Amino acid sequence: MNQTQFDRLLQELTHRRREVLRQVLAGQSDGEIARSLHITEATVRKHVENICKHFGIRHDFPDDRRSKRPELIELFRQYQPELVSISESHKKIVSQETTATHTLYDRDVFVLIDRSGSMVRKDQDTRGLARYLFLQEEVESHVYAILSARSEPDNRSARKICDRLTVYFFCRDEVGSGPYTIDDASQIQPLFRQHPPKSHSFVVPTLQQCIETWSDRGKPQNRGAFVIIYTDGLFTDELAFVDCIGRICDRVRDHRELKILILGVGEELDKEHFLNLDFNINQQNPFNILVFDLIHEIDNILEVLERQLVDEPDLVFPAWVRSRYPEFIQRVIAARQAEECDPESA
């Protein structure tokens, strides 16, 4: 490519792609660009992909999702350096924030446990145990895995997800019992015994309390957060839950900063309802922060957490969804394709 070819390609860009390009060259993240232009992160990524293709910067393989931003910025440094305003200090800040909030480690972790009366029922997928007893064992194993995880398994000084996590038990329309600070998985069993199944499944007051705690303490320290909600049925305050997720999205800069996982248990669980809830909430909001999965289908909780930190978590499906709900996958893909074809991404 020579200067004349570069100038011609630059002139051919649409107004919207020029807006995105200007912010990319200023070092803005996908989330920052999305908020500035009032579009989704997926649309930003599609713009960047199309801009790269326009300038002849292509992936070596069709399924290669590695960002081509560095090559795009280098191209502009060569042919029109005055447009590249990203500074070394800004790059350092962005790098630090990405390291802090976009990885599995350095997180505040909140565990919310449903105390609804139906937790006393027994199912095949709980090995014939009462759901609450089965759940206790699963939560213990999950807490153990989270507290034990290190970025370098054999290095005691390596980064951890957290040194301790916070547990709540929710049922009534108020902040649930807690917070209980847990630094050892053996502390889980006594808490379950102290908080037997009781009544409803009001989750929003407790969820809001967790978000406030993270916003006040963890977020200012560039710590991300995981909120893991264990339940065996629909939330009594589902409409308020949907609104709550929308408000939470206003507080984050990137979907990897905060993830909310709903983990379901019990044969009576309406899986399709929760899949649709997951889909509809994430379609309505700028960040994909909510995910639904089944407890008895999880072999490794760390893998479940980590796969939600990829660039496009809405396209990562558990094996049970791929095998039992192919129509749901097609719906998600169709929505993504429709979004990419939207006039605002042209």
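**Notes on a helix pair and a sheet**

1. The axes of H2 (residues 15–25) and H3 (residues 30–37) cross at roughly 140° and come within 10 Å. Axes here are lines fitted to C-alpha atoms, for helices over the stretch in contact, with angles from 0 to 180 degrees between N-to-C directions.

2. Keep in mind that this is a predicted model, where local features need pLDDT of at least 70, side-chain atom pairs count only at pLDDT 80 or more, and totals for chains, interfaces and linings use all residues. Residues are numbered from 1 along each chain as its sequence is written, and side-chain values use heavy atoms, leaving out hydrogens and water.

3. Who touches whom? On H2, look for Arg-16, Glu-19, Val-20, Gln-23 and Val-24; on H3, for Glu-32, Ile-33, Ser-36 and Leu-37. Contact means heavy atoms within 4.5 Å. Helices (H or I, at least four residues) and strands (E, at least two) are DSSP runs, numbered from the N terminus.

4. Now the sheet: it is open, with 6 strands in the order E3-E2-E1-E4-E5-E6 and mixed pairing. Strands E3 (177–182) and E6 (290–294) are the edges, each pairing on one side only. To pair, two strands need at least two bridges found by DSSP.

5. E2 (residues 165–170) and E3 run antiparallel, joined by 4 bridges. Leu-165 has Ile-182 in E3 as its bridge partner.

6. Helix H9 (residues 204–218) packs on the sheet and touches E1, E2, E4 and E5.
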